Amino acid sequence: MWLFAILIVLALGGVAVVASGRGGSMAPAYDDRPDLALPADRPLVARDLRSVRFPLAVRGYRMSDVDELLARLATELEDREAPDEGTSGDRDPA
């Protein structure tokens, strides 16, 4: 009986030491998710978008990865549309 009491006191003391920060700190966190395999040196093409796979998070996809891709796509589409702004609207839509 006394042995269990001593073990409990020692365990609580160990928890108190670690909780107070005297047991050392945790290792620094690092980002372990894989990078998206998208080319950075050329515009995206359809096959790039068809092959992209987002890493899963606890509750679905990581919003930051999806937002980053959407921002890049929007920028590239704006760049592709920019030369068309100077032309007249007389083109036949067919």
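Helix α1 is hardly covered, for the count of buried residues among its 18 residues is zero, where buried means under 20% relative accessible area, exposed over 50% and partly exposed in between, with a 1.4 Å probe and protein chains only. The model is predicted, and its local features need pLDDT of at least 70, while side-chain atom pairs count only at pLDDT 80 or more and totals for chains, interfaces and linings use all residues. Residues are numbered from 1 along each chain as its sequence is written, and side-chain values use heavy atoms, with hydrogens and water left out.

The helix α1 runs over residues 2-19 and reaches 26 Å from its first C-alpha to its last, close to the 26 Å expected at 1.5 Å a residue. Helices here are DSSP runs (H or I, at least four residues), numbered from the N terminus. F4 lies in α1, and F4 counts as exposed because its relative accessibility is 57%. Together with W2, L3, I6, L7 and L10, F4 makes a nonpolar surface patch of about 760 Å². Just after α1, G21 takes a positive phi of about 95°.

Now turn to helix α3, which spans residues 63-81 and, with 19 residues, reaches 27 Å from its first C-alpha to its last, close to the 27 Å expected at 1.5 Å a residue. In α3, the residues D65, L69, L73 and E76 are buried. They cover an arc of only 65° around the axis, so they sit on the same side of α3. On the other side of α3, M63, L70 and E78 are exposed. What covers the buried residues of α3 includes α2, residues 46-51.

Terms used:
Helices (H or I, at least four residues) and strands (E, at least two) are DSSP runs, numbered from the N terminus. The expected span of a helix is 1.5 Å times one less than its number of residues. Patches are made of residues with over 30% relative accessible area and no salt bridge: like charges are joined within 9 Å, nonpolar side chains (Val, Leu, Ile, Met, Phe, Trp, Tyr) within 5 Å. Accessible areas come from the Shrake-Rupley method with a 1.4 Å probe; for residues, only the protein chains shown count as cover. A salt bridge is a side-chain nitrogen of Lys or Arg within 4 Å of a carboxyl oxygen of Asp or Glu. The arc is that of the directions from the helix axis to the C-beta atoms. Contact means heavy atoms within 4.5 Å.
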